[in-house]
Amino acid sequence: MSIPLIDLKAQYSRIQPEIDTAIQQTISQTAFIGGESVAQFEQEFGGYLGASQVVSCGNGTDALEIILRTLNIGSGDEVLVPTMSWVATSEVVVTAGATPVFVDVNPGTYTINPQEAAQKITERTKAIMPVHLYGHPADMPAIMQLAETHKLWVIEDCAQAHGATINGKKAGTWGHAAGFSFFPSKNLGCYGDGGAMAFREEKHAEQARTIARHGQQTRHHHVLHGRNSRLDGLQAAILLAKLQYLDQWLSEKQQVAYQYTERLAELAPIVCPSEQAGYQHAWHLYVIRTSERDQLKQMLQRQGIQTGIHYPTALPFLPCYQDLNHQPEDFPITSQYQPEILSLPMYAELTESQVDFISQTIADFFN
Ligand SMILES: *Cc1c(COP(=O)(O)O)cnc(C)c1O
């Protein structure tokens, strides 16, 4: 048996006719840039989230970057970011000219710790950027309260959390703005690069759209120094076709996650991911922890089971942040978890017998 970490081909073969039609139609309409699919996708994705203002853009990194600019965050400002994330989260803060201030994560949820964040607030702190890592929502009620007290912008990095909720309210509608990625392997992925921003306020959405469209307000009328960041027509058509299946795929992924947990939870050397009460995980990744991570990973590889590490180095310890001179003891939870995290195969089409095989192989390793 050979089981990949994610299988995009399996997903495509379920919906091939719809995807192929969407692509064909876009080409026959030559609706490559802009056009109906893009507008319709913004509308429908906004409807899915329960967010009235959605602006599409080129990728998830651009989304976060344009949001920072929209909210006038730049030189001299500090932005609180979690230690555990993909590099884009802190990268965009630097691109905007501001300084990322790293905050350790909550044990159990891998998301930014609001109490730790509170201790790092200075006069220069302008925003906090929670990441709903692996698909588990950050503690948004506590983060919103903190933000209100200290007058901070809250920018949600939703790249891994399409469809996640807290008390039924979608991730991406808690903060002032949210960035989504449609990178192919994300819960809602296109067939190339794509991204979107969701805003609470119309004026922010308008400003973001202007920035992403060359600073153009009306045709040939450029009111600010903008840039180009667009979701193209083919990607929008593909996303429209896939959006209607998102909830079904999320519930299938949830089944996979629950089956893993049922099989693995009793193994003492393993910590399974969990959902806080009232929180619905979007299961972008199923990440376990074990002190024998590297040996387990190698053994699974030999059995044809592909795993991943998200991510091998916590953000503050990447070479690009060496100037900040962080030490492992600055972030005790992150430092403890870093060598232990392991992502198991996770996609909606994983069968019960495959999950059984993976779980049994893991159990055999420890017994
Ligand atoms: C994927 C991802 C991004 C960036 O998205 P791109 O579309 O690849 O630019 C940002 N943040 C997190 C947490 C991600 O996983």
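## The second largest cavity

In this predicted model, the lining of the second largest cavity draws at least three residues from each of domain 1 (8–243) and domain 2 (246–366). The volume of the second largest cavity is about 60 Å³, and the residues that line it are G108, T109, Y110, L133, Y134, H136, P273, S274, H281, L285 and V287. Divided by class, this lining has six nonpolar and five polar residues, with no charged residues.

## Strands 13 and 14

V287, one of the residues lining the second largest cavity, has S343 in strand 14 as its bridge partner. Strand 13 (residues 286–289) pairs with strand 14 in the antiparallel sense, and four bridges join the two.

## The largest cavity

The structure holds three cavities of 30 Å³ or more, and the largest cavity contains about 160 Å³ of space. Lining the largest cavity are 17 residues, of which I6, Q11, K186, N187 and K253 are the closest to its centre. Because domain 1 (8–243) and domain 2 (246–366) both give residues to this lining, the largest cavity lies between them.

Helix 1 (8–28) and helix 9 (246–264) each supply at least two residues of the lining of the largest cavity, and the largest share, four residues, comes from helix 9. The class composition of this lining is eight nonpolar, four polar and five charged residues.

## The largest pocket

The largest pocket has a volume of about 540 Å³ and is lined by 27 residues, of which W86, Q160, F183, K186 and Y311 lie nearest its centre. Helix 3 (60–70), helix 4 (88–95) and strand 8 (177–181) are the elements that give two or more residues to the lining of the largest pocket, and the largest share, three residues, comes from helix 3.

The lining of the largest pocket divides into twelve nonpolar, twelve polar and three charged residues, and at least three of its residues are drawn from each of domain 1 (8–243) and domain 2 (246–366).

Note on methods:
Residues are numbered from 1 along each chain as its sequence is written. This is a predicted model: local features need pLDDT of at least 70, side-chain atom pairs count only at pLDDT 80 or more; totals for chains, interfaces and linings use all residues. Side-chain values use heavy atoms; hydrogens and water are left out. Two strands pair if DSSP finds at least two bridges between them. On a 1 Å grid over the protein atoms alone, a cavity is a set of points where a 1.4 Å probe fits but cannot get out, and a pocket is an open set with protein on both sides within 12 Å along at least five of seven lines; lining residues have an atom within 4 Å of a point. Grid points are joined across faces, edges and corners, and a volume is the space filled by probe spheres set on the points. Ala, Val, Leu, Ile, Met, Phe, Trp, Tyr, Cys and Pro count as nonpolar, Asp, Glu, Lys and Arg as charged, and the others, Gly among them, as polar. Domain bounds come from an automatic or database domain assignment.
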